[in-house]
Amino acid sequence: MYFGGICAAGSGTRFGGDTPKQFLLLKGKPVVAWSVEEMLKCPEIGKIFVAVSKEYVDFCKDLFTDSKIEVIEGGKDRSGTVAVMAEKALEMGNADDVMITHDAARPFVSKETFLRCAKAAKEYGASGTAIPATDTVLQCREGFIYAAPPRKEMFLAQTPQCFKLGLFKEVWESITEEEKRSATDACGMFFRAGRKVRIVEGENSALKITVEEDLDRLSNP
């Protein structure tokens, strides 16, 4: 069984403003609704958790009325939110079930990408999406180039990111509180714990909304 998990509990401090970016309107509906609706197109996904901050729980319960969706309160940070969703899923499923986590700020992702990533996690335990870097990536320290890795080995991480529920539980319980707080995504958490993560092809259209210009660009492509 596949579970869906939409991470929508962030405050969006880099974006600015009083309303978190995932609840701003994009082409007439909240940003978060785009990826939730795309997940609903996947019959393979039996349950979808939408994790939001406490003040947006009621808003999202009114927004998402499909019986497949459960709106829950997220954690204190990104990794904590993923852990909350994984725990809820494990209560309903089993260790070999897969959770598909996705960032609400990436509205334009396809159901095909959700399922491609999920199938990779089913086979390898953990997976993530990424696209090849088109520019040379420089590693710099104190304003100077430290390394210039081969571009063909450089990829830009995206979501969805997927994992077997039992494997996530093992990794989560094996890392320190500091490692949990510093983890920016599930793939990074698995990698730092010494677990292999299978990378599958992402989508150039799955842009992340970080600043106001990103929202403007997606609204008027």
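User: Why is Lys 29 called partly exposed?
Analyst: Lys 29 has 21% relative accessibility, so it counts as partly exposed. Buried means under 20% relative accessible area, exposed means over 50%, and partly exposed lies in between (1.4 Å probe, protein chains only). This is a predicted model, where local features need pLDDT of at least 70, side-chain atom pairs count only at pLDDT 80 or more, and totals for chains, interfaces and linings use all residues. Residues are numbered from 1 along each chain as its sequence is written, and side-chain values use heavy atoms, leaving out hydrogens and water.

User: How do you know which parts Glu 70 and Lys 88 tie together?
Analyst: Their closest N and O atoms are 3.1 Å apart, in a salt bridge. Glu 70 lies in strand E5 (residues 69–73) and Lys 88 in helix H3 (residues 78–92), so the pair ties together parts 18 residues apart in sequence. Helices (H or I, at least four residues) and strands (E, at least two) are DSSP runs, numbered from the N terminus.

User: Is Asp 103 buried or exposed, and what makes it so?
Analyst: Asp 103 has 9% relative accessibility, so it counts as buried. Its salt-bridge partner Lys 208, with closest N and O atoms 3.6 Å apart, counts as partly exposed at 28%. Arg 78 joins Asp 103 and Lys 208 in a network of salt bridges.

Key:
A salt bridge is a side-chain nitrogen of Lys or Arg within 4 Å of a carboxyl oxygen of Asp or Glu.
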